[in-house]
Amino acid sequence: MFEGMEESGSEGMFEAIQILSKDGKFLSDVDFFCISDNYWLGASKPCLTYGLRGLAYFSCSVQCCEQDLHSGVLGGTVHEAMTDLVQLMASLIDSSGKILVPGIMDDVAEVTPEEDALYETIDFNCECYKKENKVASVSNKLMYENEKDLLMARWRYPTLSLHGIEGAFSGTGAKTVIPAKATGKFSLRLVPDQDPKRIEQCVSDHLNKVFASLGSPNKMNVTLLHGAKAWLSDPKHPNFEAAARATEKVYGLLPDYTREGGSIPITTAFEEATQMNVCLLPVGACDDMAHSQNEKYNKKNLINGVKVLGLYLHELGVLKGPKPSDCRCVELTPEEMMEPGAFMRGFKCKCFM
């Protein structure tokens, strides 16, 4: 499937997936999904991605009047919207990256020994990371100087970022305007077990409480613009094993298994609609500068990416066993689950390859 509207919300795509997943439709007999929409952790070693963070994107608006005002004529006589908004935005996160919204961390799972072990062999260097992301020449400092801690902060813990303020003066020069309405944009990257709806409630409660403490007569509104749950898969699934074998044949080494800090909502959409496994097989390098100035794509990655994807299809073709999409196992009822041995029977589906 080809889709070119991800950056504008993928209008209609998720509805199409639901329709095409019904019996007899295009996606109903698909056994495996593969998405190439993310990047290697470094610039030279390939990887497979088994996890993505979710997203909760918010706007927070404060309005003080019907139209912009002159600060020289009316400054000091009205409760300015920008003053309130800046305090609201500052209440969300501190300079160390700690999220200040109560309840956000409540559903974050503990790191298991198995998960912790996956980080031990990953090829990653903090100094290279600073150079690749153009930090070295400015602050030359990261939130964490330890590789494992930095990767966990990037992949498996929630974060909050402030993106900008709409309605405020942002051009060149020195315009002395009091904005009538200012809207802050910020988002949280979510991890497994975090629900965007619950995050919305936490953020809304927090900002309403902070705004009430300001004693401002202005109008404030918080809106969740869009949300998506995090995605986490099993890197030992046959789909990933096929991708790993294909990668090894092209590059001569096994790929790293990584999670990604960004969000690809269509991943969860495919998996939930079809119940089939999704593997993320990136072909771009970490220094491609996605969404930034001078974004690029290495010719070598393009050529080798074609080879890997071709071999991946071959590796899937030689897998033995029933087709996963042919599974018609019926879930056990609560009564059946009470019978001795029922719990184990629920994990013996013969349709799993």
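1. Buried means under 20% relative accessible area, exposed means over 50%, and partly exposed lies in between, with a 1.4 Å probe and protein chains only. By that scale D287 is partly exposed, at 28% relative accessibility. The closest N and O atoms of K296 and D287 are 2.9 Å apart. A salt bridge here is a side-chain nitrogen of Lys or Arg within 4 Å of a carboxyl oxygen of Asp or Glu.

2. A word on the basis. This is a predicted model, in which local features need pLDDT of at least 70 and side-chain atom pairs count only at pLDDT 80 or more, while totals for chains, interfaces and linings use all residues. Residues are numbered from 1 along each chain as its sequence is written, and side-chain values use heavy atoms, with hydrogens and water left out.

3. Salt bridges, continued. The count comes to 15. One of them joins the side chains of K45 and D256, at 2.9 Å from N to O. K45 lies in the loop between β1 and β2 and D256 in strand β10 (residues 256-260), so this pair ties together parts that are 211 residues apart in sequence. D256 counts as buried, at 6% relative accessibility. Helices (H or I, at least four residues) and strands (E, at least two) are DSSP runs, numbered from the N terminus.

4. A local pair is found in helix α5. E127 and K130 form a salt bridge, with the closest N and O atoms 3.1 Å apart. The two are 3 residues apart in the helix, which separates them by about one helical turn. An α-helix has 3.6 residues a turn, so residues three or four places apart point the same way. E127 is partly exposed, at 41% relative accessibility. K130 is buried, at 3%.

5. Salt bridges also link up. D106, D107 and R198 are joined in a network of them.

6. Aromatic pairs next. The whole structure holds 5. F58 and F186 form a stacked pair, 5.3 Å centre to centre with 15° between the planes. F58 belongs to strand β3 (residues 54-63) and F186 to strand β7 (residues 181-190), so the pair ties together parts that are 128 residues apart in sequence. Both F58 and F186 are buried. The rule: rings of Phe, Tyr and Trp (its six-membered ring) pair if their centres lie within 6.5 Å; planes under 30 degrees apart count as stacked, over 60 as edge-to-face and the rest as tilted.

7. Y119 and W155 make a tilted pair, because their ring centres are 5.7 Å apart and their planes at 35°. Y119 sits in the loop between α4 (113-118) and α5 (126-132), and W155 in helix α6 (residues 147-155), so the pair ties together parts that are 36 residues apart in sequence. Y119 is buried at 6% relative accessibility. W155 is buried at 3%.

8. R156 places its charged end over the ring of Y157, 4.8 Å from the ring centre. The test is NZ of Lys or CZ of Arg within 6 Å of the ring centre and within 35 degrees of the ring normal.

9. Which residues have the most contacts inside the largest nonpolar core? They are I17, F33, L48, I266, F270, L281 and Y312, in a core of 29 residues. Such a core is a set of buried Ala, Val, Leu, Ile, Met, Phe, Trp, Tyr and Cys residues joined through side-chain atoms within 4.5 Å. α1, β1, β2, α8 (238-251), α9, β11 and α10 (299-317) each supply at least two of its residues. The largest share, 5 residues, comes from α8. Another core lies apart from it, with 27 residues, among them M89, L160, V203 and L207.

10. Helix α9 (residues 265-274) has I266, T267, T268, A269, F270 and T274 buried. Their cover includes α1 (13-20), β1 (32-35), β2 (47-52), β9 (231-232) and β11 (277-280). Contact means heavy atoms within 4.5 Å. After α9 comes Q275, with a positive phi near 65°.

11. S216 lies in the loop between α7 (196-214) and β8 (219-228). S216 is buried, at 15% relative accessibility. A polar atom of its side chain lies 3.1 Å from the backbone nitrogen of N218. Not counting residues up to four places away in sequence, S216 touches D84 and F211.

Methods
A polar contact is a pair of N or O atoms within 3.5 Å; within protein, one must be able to donate a hydrogen and the other to accept it, and residues adjacent in sequence count only if both atoms are side-chain atoms.
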